[in-house]
Amino acid sequence: MKVPFFDLVEQHQSLRGEIKTAVGRVLDSQYFVLGKNVDALEKAIATETGTKFAVGLASGSDALYLALWAAGVGPGDEVITTPFTFFATAGAISRLGARPVFADIDPRTFNLDPSRISSRITSRTKAIVPVHLFGLCADMDAIRGLAKKHGLVVIEDAAQAFGATIDGHSAGSLGKMGCFSFYPTKNLGGGGDGGMLVTSSAAWAEKVRLMRDHGSRVKYRHEFVGINSRLDELQAAILLVKLKYIGQWNAKRKKIAARYSRALKGLPLETPYVPEGYGHVFHLYSVLTEKREALSRFLAKEGIGSAVYYPLPLHLQPCYRKLGYRAGDLPVSEKTSKKILALPLFPELSKAGRNRVITALRAFFKK
Ligand SMILES: *Cc1c(COP(=O)(O)O)cnc(C)c1O
């Protein structure tokens, strides 16, 4: 029995009829961009996340870019973020001509370590972008405290964390603006690229709404130079179907993660840590082991998928050589990138599949 690292086909089987109907309606209407499906999705996601406004965009990367732009980040500014994330987080900062400033992570949560942020704040710092990595929120209390003290804007990269919470408050509502991605493999994924920005600030929501459509409020009248980052109706229609199930899917992810963690206790590896009061949605289930390479080879031989998120921290990426970081500068991120391995986890993963993974891990460490 093979266990894939990830699989979307089974989920689609169960939604086939509903999605076909939703997509069929959009095709019949021949209305494809920023229509009533996008409107409905924006309202639903604002409600779901406990924010006042949501703006549908072309991708999660654009959500980050437009959030930073709306916050006034530009050339010469600095933005503090984590080096242990998908590239888009830092890419958005760079695209605005600003400088990503990396602070190291907490070794247990893999998220920005607030105690490493203060020393990175300068007179040029404009914002902090915490990432809720793998579906676990960053320490937002501490980060908001620092931001308030220094007059900085907090923009959440919640691309991996739809449905994650701290004390019942949703990811996306914990900073001034929150950014989601609907890339197909995310917990709430569409049938292609898509993203959304949420905020409770009417002014920022309005700004981003204009930015996504070439600075235009009234057709062919442009108040400033924006971009094209609109969400299309087909994506919104698919996402509206999937949104109904996200709660139950996230609950399944949580359940599988809990089973893994219980079963793997006693093995020489570290299972994911969930701080008190945090609702983790396990976009990924990553363990730490000194034997990462051997383990992933062993699993592959057993027909079990696994993957490394992320093998090279952003401060050591070739494109950021000019920022002047060197190996050893952010040791926790660097060490984590060498020890981390994500195991198969998706809502439809069967009990048999999960048990295969557990058995294989036990066999590997017994050798
Ligand atoms: C996926 C992802 C993004 C980018 O989202 P896209 O929709 O692919 O542009 C940004 N940040 C993180 C942490 C992500 O995982």
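User: Which helix gives the most residues to the shell around the ligand?

Analyst: That is helix 3, with 3 residues. Helices here are DSSP runs of H or I with at least four residues, strands are E runs of at least two, and both are numbered from the N terminus. A residue is near a molecule if one of its heavy atoms lies within 4 Å of it. Around the ligand there are 15 residues, and Gly60, Ser61, Asp157, Ser181 and Lys186 come nearest. Please keep in mind that this is a predicted model, where local features need pLDDT of at least 70, side-chain atom pairs count only at pLDDT 80 or more, and totals for chains, interfaces and linings use all residues. Residues are numbered from 1 along each chain as its sequence is written, and side-chain values use heavy atoms, leaving out hydrogens and water.

User: Which polar side-chain atoms lie 2.7 Å, 2.8 Å or 3.0 Å from an atom of the ligand?

Analyst: A polar contact is a pair of N or O atoms within 3.5 Å. Asp157 has a polar side-chain atom 2.7 Å from a nitrogen of the ligand. For oxygen atoms of the ligand, the distance is 2.8 Å from a polar side-chain atom of Gln160 and 3.0 Å from one of Lys186.

User: What should I look for in the backbone angles?

Analyst: Most residues other than glycine have a negative phi, and most peptide bonds are trans. Asp167 has a positive phi, near 45°, and is placed in the loop between strand 6 and strand 7. A cis peptide bond joins Tyr309 and Tyr310, with omega about 5°. Tyr310 is in the loop between helix 9 (292-301) and helix 10 (331-339).

Notes: Polar contact = N/O pair within 3.5 Å; in protein donor to acceptor, adjacent residues only side chain to side chain.
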